[in-house]
Amino acid sequence: MADCGTPFVLLARITVKEGMVNEYLSIAAEADKAVEKTEEGMLFHNFDADPDDALGFVWTEVYANSAALIFHLENPPLQKYLADVSPLLDSFTVELYGEVSAEAINMLRSTGTPTTHFQSKFGYVRDLTP
C-alpha cells in the first residue's frame with residue numbers, strides 16, 4: 001500500500017440543530033471559499049445535503065497527503081469555522097478512507113471530533129501527471 005504521501009478521502013458528517021440551518025450554511029459557504037483560496041493540498045472540497053434529513057450534511061474532502069490534512073487543521077479559516085459552527089450542531093463526526101499518517105489522525109482526534117479511520121486493505125491512486 002502507498003505511504004502517507006498519497007491522496008485520501010475524508011467525510012465529515014454534520015447534523016445541524018433545528019432552526020440553525022440557514023446560519024450554518026452561511027458559515028459553511030464562507031469556509032468553503034476560504035479553503036479554496038488557502039489550501040493547495042485540498043484537491044476536492046464538496047458540501048452535500050442529506051436527501052433524507054433536512055438537518056444532515058456531508059463534507060467530502062480529498063487531500064493530497066497527510067501534510068495537507070495537518071495544514072487544514074491548523075488553517076485559521078477552518079479554526080474559525082469550527083468555533084463558529086460548534087453551537088449550531090447536534091453532531092459532527094469524521095471518517096477517513098485511505099492511508100493517513102498517525103500524526104494527522106491524532107491531530108484530528110485531539111480536536112475532540114469523533115474520528116474513524118477505515119484501514120485500507122488494498123487499492124491504488126492513479127498518477128494523472130502528464
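**Contacts, charges and helices**

Q: Which residues does Glu 61 touch, not counting residues up to four places away in sequence?
A: Glu 61 touches Phe 8, Val 9, Leu 10, Met 42, Phe 44, His 45 and His 72, leaving aside residues up to four places away in sequence. Contact here means heavy atoms within 4.5 Å. This is a predicted model, in which local features need pLDDT of at least 70 and side-chain atom pairs count only at pLDDT 80 or more, while totals for chains, interfaces and linings use all residues. Residues are numbered from 1 along each chain as its sequence is written, and side-chain values use heavy atoms, with hydrogens and water left out.

Q: Where is Glu 61 found?
A: Glu 61 is found in strand S3, residues 56-63. Strands (E, at least two residues) and helices (H or I, at least four) are DSSP runs, numbered from the N terminus.

Q: What is the nearest side chain of opposite charge to Glu 61?
A: That side chain is Arg 13, 12 Å away. Glu 61 is buried yet has no salt bridge. Buried means under 20% relative accessible area, exposed over 50% and partly exposed in between, with a 1.4 Å probe and protein chains only. A salt bridge is a side-chain nitrogen of Lys or Arg within 4 Å of a carboxyl oxygen of Asp or Glu. For charge, Lys and Arg count as positive and Asp and Glu as negative, whereas His and the chain ends are not counted.

Q: Which side chains make polar contacts with Glu 61?
A: The side chain of Glu 61 has a polar contact of 3.3 Å with that of His 45 and one of 2.5 Å with that of Tyr 63. A polar contact is a pair of N or O atoms within 3.5 Å; within protein, one must be able to donate a hydrogen and the other to accept it, and residues adjacent in sequence count only if both atoms are side-chain atoms.

Q: On to salt bridges, then: how many are there?
A: The count comes to 2 salt bridges. In one, the side chains of Arg 13 and Glu 95 meet at 2.8 Å, N to O. Arg 13 lies in strand S1 (residues 8-16) and Glu 95 in strand S4 (residues 89-97), so this pair ties together parts that are 82 residues apart in sequence.

Q: Are those two residues buried or exposed?
A: Arg 13 is partly exposed, with a relative accessible area of 35%, whereas Glu 95, at 15%, counts as buried.

Q: Which residue forms a salt bridge with Lys 80?
A: Lys 80 pairs with Asp 84, and the closest N and O atoms are 2.6 Å apart. The two are 4 residues apart in helix H3, so about one helical turn separates them.

Q: New topic: at what angle do helices H2 and H3 pack?
A: Helix H2 (residues 66-74) and helix H3 (residues 76-85) pack at about 55 degrees, with their axes 5 Å apart. H2 is therefore oblique to H3. Axes are lines fitted to C-alpha atoms, for helices over the stretch in contact, and angles run from 0 to 180 degrees between N-to-C directions. Angles under 35 degrees count as roughly parallel, over 145 as roughly antiparallel, 65 to 115 as roughly perpendicular and the rest as oblique.

Q: What about H1 and H3?
A: The axes of helix H1 (residues 21-38) and H3 come within 9 Å and cross at roughly 170 degrees, so H1 and H3 are roughly antiparallel to each other.
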